[in-house]
Amino acid sequence: MLLGLLATAVLADADGDDSATAGAGQESVEALPTPSFPLDATGTPPVEDDPPAGDSAPTSEEEDLARPEAPSDDAHTAPPRTCLSDTAEEGMYRSLPCGPGVYQLLARYGAGTSAAACQGAGKVTVTYPDQLLCLRYEYSEAAAYAEVGNCVYGRSGGGNWSLQKCSTGTFRVTGRHHTTDNGVCPDGPIRGSRFYTGQERVANLVLCYQAVMPDDGYRLQVNECVLVERFSSGKALIHRSGCPSANGVVTGRLSYGQKEKCGNDGYVEYQFPGWPGLSYVVCWRYK
């Protein structure tokens with residue numbers, strides 16, 4: 001079963017807190033269903049109804065016969081790096097060619113191993129009576145494996161997103177949530193989210209991110225007090241500041257490429273690669 005990818009990039013117009021949410025999105029990844037027990041939509045084994053009057057409950061011996069200790073499906077016997085179907089059919093996982101929308105078997109551990117052995121982005125577990133398997137869901141984009149604090153990048157017009165070294169012009173991941181609700185990410189002028197989905201609920205993923213900007217130019221408005229930092233190279237950065245300690249005031253805010261409209265005032269400009277809405281020119285003059 002192939003993964004359906006639904007990607008959205010949301011940049012709200014309203015200003016918001018520009019600080020990353022510490023620890024956001026570090027939810028635990030739920031284990032995949034143990035092959036002998038189907039799960040309901042909440043990830044909980046369904047509760048059996050009481051047997052009708054007159055029906056006899058199975059004996060412990062009959063129960064043991066009905067519950068095989070070592071299911072012989074592909075997940076139980078496959079070597080590492082084998083790829084498996086993204087949902088159990090009749091309690092069993094089938095081997096499939098590797099690609100987006102399947103699980104890859106990363107490691108096999110003995111009985112009693114803690115699920116913590118499989119911690120990491122995209123990793124889940126399948127537990128058998130005699131062993132624990134560590135699987136990784138295969139997303140179509142490398143960005144889906146980013147942890148909180150990592151940086152990713154993709155263009156506003158679409159295309160794949162990738163993992164990147166954090167620097168100006170990338171997006172820092174501030175939350176990682178196994179849900180289909182993009183509302184878990186805070187709104188703001190440089191905040192957004194990206195959504196990935198799959199057959200298993202654990203594959204549904206929303207990444208919250210925040211653009212890494214060079215200064216405060218993206219949020220400054222006319223008449224705000226600012227501290228302008230100038231360098232010998234001619235480059236300048238502009239920071240929001242309390243008026244008593246400021247050395248300048250904002251006189252204009254323009255789209256990137258319109259610096260000539262600042263006239264005799266100074267200006268600070270920044271072009272965010274692939275994102276015109278995050279690029280700007282801020283005009284200023286000394287106080």
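Modeller: First, some terms. Two strands pair if DSSP finds at least two bridges between them. Strands (E, at least two residues) and helices (H or I, at least four) are DSSP runs, numbered from the N terminus. This is a predicted model: local features need pLDDT of at least 70, side-chain atom pairs count only at pLDDT 80 or more, and totals for chains, interfaces and linings use all residues. Residues are numbered from 1 along each chain as its sequence is written, and side-chain values use heavy atoms, without hydrogens and water.

Biologist: Which residue in β10 is the bridge partner of R172?

Modeller: Strands β8 and β10 run antiparallel, joined by six bridges. In β10, R172 has as its bridge partner Q210.

Biologist: How many residues of strand β10 are buried?

Modeller: Buried means under 20% relative accessible area; exposed is over 50%, and partly exposed lies in between (1.4 Å probe, protein chains only). From β10, L205, L207, Y209 and A211 point one way, and V206, C208 and Q210 the other; all are buried. The strand is therefore largely enclosed by the rest of the structure, with its buried residues numbering seven of the seven.

Biologist: Are the rings of Y153 and F171 stacked or edge-to-face?

Modeller: Rings of Phe, Tyr and Trp (its six-membered ring) pair if their centres lie within 6.5 Å; planes under 30 degrees apart count as stacked, over 60 as edge-to-face and the rest as tilted. The centres of Y153 and F171 are 6.4 Å apart. Their planes are at 20 degrees, so this pair is stacked.

Biologist: How many residues apart are Y153 and F171?

Modeller: Y153 sits in strand β6 (residues 151–153) and F171 in strand β8 (residues 171–177). The pair links distant parts of the chain. The separation is 18 residues.

Biologist: What is the relative accessible area of W161?

Modeller: W161 lies in the loop between β6 and β7 (162–164). Its ring forms a tilted pair with F171. W161 is buried, with a relative accessible area of 3%.

Biologist: Which strands are the edge strands of the open sheet?

Modeller: Five strands form this sheet, in the order β2-β1-β3-β5-β4, with antiparallel pairing. An edge strand here pairs on one side only. The edge strands are β2 (95–96) and β4 (123–128).
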